[in-house]
Amino acid sequence: MKLHERFLNYVMYDTMSLEGKDTVPSTPGQKVLAEALVEEIKSFGIEDVRLDDKGYIYGSVPANVDVDSPVIGFIAHLDTSDAHPSPTPGKEPRIIEQYDGGVIQLDSGDKLDPELDTGLKNAIGCRLIVTDGSTLLGGDDKAGVAEIVTALEYMSTHPEFKHGKVAFSFTPDEEIGTSQDNFDVEAFGADFAYTVDGADFGDIEYENFNGASVTVEIKGVETHPGEAKDKMKNASLIAMEFDAMLPPWERPEHTQDYEGFYHLMHINGDCSSCRMSYLIREHDRDRYEERKAAVKRIGEMLNARYGAGTVTVEIRDGYRNMAEMVRPHMHLIDFAKEAIAECGVTPRVPAIRGGTDGAELSFKGVPCPNLGTGSFNHHSLTEVAIIDHMEQCCRAILKIIEKYADFKGEKQN
Ligand SMILES: [Zn+2]
């Protein structure tokens, strides 16, 4: 089966994940796709493919070379975002042959304009897949699933293709942030891995934000405003003082690339109490710690001014920048760069201004950068998958596998 046919088959499965459910996976549709994938992969003659009761697929293809090379894994997620529903019969995605660089009219009346959508500029002359404008396409991450499955099929039908042991996994609930909670590193069995998820083909991502969430509780003292002198402490005004001490240029709307920020997510209060929540994001570990220390110091300073216990600052660490786990194993990045260049595309290594599943896995001992899949406008009705780029991504996966076949370097596990 051709890669894009496989992709068009997967996107018809409704695998939307939903927050607040007490089942794993969060929705049954994800397991339905997982079961179909297991059957498909078995049909290639791959024997080691397992679906666990939580909807995770793990499997491997044994080495066909006699080299003690590391086990390389590939991971994609089964679920799609809850921003919009999946395509349904009658609302199937359509293929645009040889995109001419013009405006694309969707059936819904929405348009895709290359002037606004710079991703389209890289797609001139390519075959594209779009929706009718009323559904998600689901390229995030069924593009990644289709690319890995197609690479597995290639390996099983081309015994002359030399490779070490290759592991694979397809996971549920990535979009709701819980896919790593139940990920079984041992069942996966890889020394190193790549997530194949989101982003333009050619992008290799291994630097992400360190992220923390901060809750600030402020207790005020409310009195009758006419008798407030030397008594009232207005919690909302103290909150404004708190925020005024954070540098205004270090906000999401004024930062890019490696610049970190404080983001005021939520504020709610009156004279007697006020509650604020912030996000802290920063690539550099030391500066991340400094940012956390800064919000603590502001709280202490305001307590010195208004009395102990006025301001309580609580900080929770979220994800960590995987760069520190990947840097000791730069062959992961070097091989990916070479593979992408050999597919005729200039590799890019952008810093992610967010988190990624591979980050958590990297800290569990499996360094895991991300490869872009060749689809874009994720979570939106104007999603596009570029068939040519997806095929290149599949080739790049195979080239990476090939490079590791005679890599005698380190093994992790
Ligand atoms: Zn994704």
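**Sheets, helices and domains**

User: Four strands form an open sheet; in what order do they stand?
Analyst: Strands here are DSSP runs of E of at least two residues and helices are runs of H or I of at least four, both numbered from the N terminus. The model is predicted, so local features need pLDDT of at least 70 and side-chain atom pairs 80 or more, while totals for chains, interfaces and linings use all residues. Residues are numbered from 1 along each chain as its sequence is written. The pairing in this sheet is antiparallel, and the order is β12-β13-β11-β14.

User: Which are the edge strands of that sheet?
Analyst: Two strands pair if DSSP finds at least two bridges between them. An edge strand pairs on one side only. Here the edge strands are β12 (261-269) and β14 (311-317).

User: Over how many bridges do β11 and β13 pair?
Analyst: Strand β11 covers residues 210-219 and strand β13 covers residues 273-282. Glutamate 217 stands opposite arginine 275 in β13. The two strands pair in the antiparallel sense, and the bridges number 10.

User: At about what angle does α6 run to β14?
Analyst: Angles run from 0 to 180 degrees between N-to-C directions, with axes fitted to C-alpha atoms, for helices over the stretch in contact. Helix α5 lies across β11, β12, β13 and β14, at about 15 degrees to β13. Helix α6 lies across β11, β12, β13 and β14 too, and runs to β14 at about 165 degrees.

User: Why does α5 count as oblique to α6?
Analyst: Angles under 35 degrees are roughly parallel, over 145 roughly antiparallel, 65 to 115 roughly perpendicular, and the rest oblique. The axes of α5 (235-244) and α6 (285-306) come within 10 Å. Helix α5 is therefore oblique to α6, as the axes cross at roughly 140 degrees.

User: How many nonpolar residues are in the contact of α5 with α6?
Analyst: Residues are in contact if their C-beta atoms, placed from the backbone, lie within 7 Å. Ile238, Glu241 and Phe242 of α5 meet Ile298, Leu302 and Tyr306 of α6. Ala, Val, Leu, Ile, Met, Phe, Trp, Tyr, Cys and Pro count as nonpolar, Asp, Glu, Lys and Arg as charged, and the others, Gly among them, as polar. The contact has one charged residue and no polar one; the nonpolar residues number five.

User: Which residue is the bridge partner of glycine 59 in β8?
Analyst: Strand β2 (57-61) and strand β8 (166-171) pair in the antiparallel sense over five bridges. The partner of glycine 59 in β8 is phenylalanine 168.

User: How many nonpolar residues does the contact of α3 with α10 have?
Analyst: The residues of α3 include Ala143, Ala146 and Tyr154; those of α10 include Met390 and Leu398. The contact has one polar and one charged residue, and the nonpolar residues number 10.

User: How far apart do the C-alpha centres of domain 1 and domain 2 lie?
Analyst: The bounds come from an automatic or database domain assignment. Domain 1 is 3-207 + 321-405, and domain 2 is 210-317. Their contact takes five residues from domain 1 and six from domain 2. The C-alpha centres lie apart by 39 Å.

Definitions and conventions: Two residues are in contact if their C-beta atoms, placed from the backbone, lie within 7 Å.
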